[in-house]
Amino acid sequence: MELTFAQQIWLAVVDKLALGAALVGVGFVANKYLESHKVRQAFAAEVARQRLAAITDVWRALGEYEMEAYRAAGEGFLAILKELGAAGAKLPDPLPRDAQQILALVSTAKATTVLTDEAVARVNDWIAIKAAEMHPKSDRVVDLIASQRFLVGNDLAATFQNYHESIHRTFRKLGPSPAEMASYRESYQELKQQRSDIEATSKSVFG
């Protein structure tokens, strides 16, 4: 059937309206998709920001705790060294300040000087007091790792936890006997290796 001119005009208008409606629909869907994409991007960026902040907080707390433990170890070996000096060992003046240097000096002095039971008891009492002071600081680090586990992830949280336990274990091995000093050296080297591992694990979170 042949359409009249008016019918052709009307059909053209309807076609244009239908096309316009389709374009509006497509535009609406596209706009919703872009908005959703932006929301997802913003959410991912915020999660990444919070995760980085959590990792930084835990890493800082571990670093501060490790410095406290290392300083306490140095003071412990210095206490042993002073007892050795009182027992007749020849010591340099001034004494070194680095824990590892003090430890090396203790080992040298112990080769020629024997501590009395009373001196060993004084050192052990000092270490027990210092260990008691360290416990609350240790507990705060443990609590922080637990509270940030959701953000940092289970793998990294476990790595942080292992590292903290290594710090704690290293300090616990502090003592005046040759076996305790050798054990401290070994634990300290393991701790240095773990530090490299935890840095690599932290980087992999954002890799």
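I began with Leu156, which is buried at a relative accessible area of 2%; buried means under 20%, exposed over 50% and partly exposed in between, with a 1.4 Å probe and protein chains only. The model is predicted, so I take local features at pLDDT of at least 70 and side-chain atom pairs at pLDDT 80 or more, while totals for chains, interfaces and linings use all residues. Residues are numbered from 1 along each chain as its sequence is written, and side-chain values use heavy atoms, with hydrogens and water left out.

Leu156 lies in helix H5. Helices here are DSSP runs (H or I, at least four residues), strands are runs of E of at least two, and both are numbered from the N terminus.

H5 has 19 residues and spans 27 Å from its first C-alpha to its last, close to the expected 27 Å. The expected span is 1.5 Å times one less than the number of residues. I listed the buried residues of H5; among them are Leu156, Phe160, Tyr163, His164, Ile167 and Phe171. An α-helix has 3.6 residues a turn, so residues three or four places apart point the same way.

**Entry: His164**

Is His164 buried or exposed? His164 counts as buried because its relative accessible area is 4%. His164 is found in H5. Leaving aside neighbours within four places in sequence, I find His164 in contact (heavy atoms within 4.5 Å) with Leu62, Tyr65, Ser138, Val141, Val142 and Ile145.

**Entry: the cores**

I next looked up the nonpolar cores, each a set of buried Ala, Val, Leu, Ile, Met, Phe, Trp, Tyr and Cys residues joined through side-chain atoms within 4.5 Å. The largest core has 20 residues, and those touching the most other members are Leu62, Val141, Ile145, Val152, Phe160, Tyr163 and Ile167. H1, helix H3 (117–147), H5 and H6 each supply at least two residues of this core. H1 gives the most, with 8 residues. Leu62 touches Val141, Phe160, Tyr163, His164, Ile167 and Ile198, not counting residues up to four places away in sequence. A second, separate core has 18 residues, including Leu105, Ala119, Val123 and Tyr188. In soluble globular proteins, nonpolar side chains tend to be buried together.

**Entry: Glu83**

Glu83 sits in helix H1 and counts as buried because its relative accessible area is 14%. Beyond residues up to four places away in sequence, Glu83 touches Leu115, Ala119, Arg122 and Val123.

**Entry: cavity**

How many cavities of 30 Å³ or more does a search of the whole structure find? I noted 1. The search runs on a 1 Å grid over the protein atoms alone: a cavity is a set of points where a 1.4 Å probe fits but cannot get out, a pocket is an open set with protein on both sides within 12 Å along at least five of seven lines, and lining residues have an atom within 4 Å of a point. Grid points are joined across faces, edges and corners, and a volume is the space filled by probe spheres set on the points.

The largest cavity has a volume of about 70 Å³. Helix H1 (5–86), helix H5 (154–172) and helix H6 (178–205) each give two or more residues to its lining. H1 gives the most, with 4 residues. The lining includes Glu66, Tyr70, Ile167, Thr170 and Tyr188. I count its classes as 8 nonpolar, 1 polar and 1 charged, where Ala, Val, Leu, Ile, Met, Phe, Trp, Tyr, Cys and Pro are nonpolar, Asp, Glu, Lys and Arg are charged, and the others, Gly among them, are polar.

The largest pocket holds about 160 Å³ of space. I list among its lining residues Tyr70, Arg71, Glu75, Arg97, Asp98 and Ile102. H1 and helix H2 (99–110) give two or more residues to that lining, and H1 gives the most, with 5. Its lining has 5 nonpolar, 1 polar and 4 charged residues.

**Entry: Pro94 and the whole chain**

The peptide bond from Asp93 to Pro94 is cis, with omega near 5°. Pro94 is in the loop between H1 and H2. Most peptide bonds are trans.

Buried residues make up 29% of its 207 residues. Of the contacts in the chain with a separation of 6 or more, 80% join residues 24 or more positions apart.
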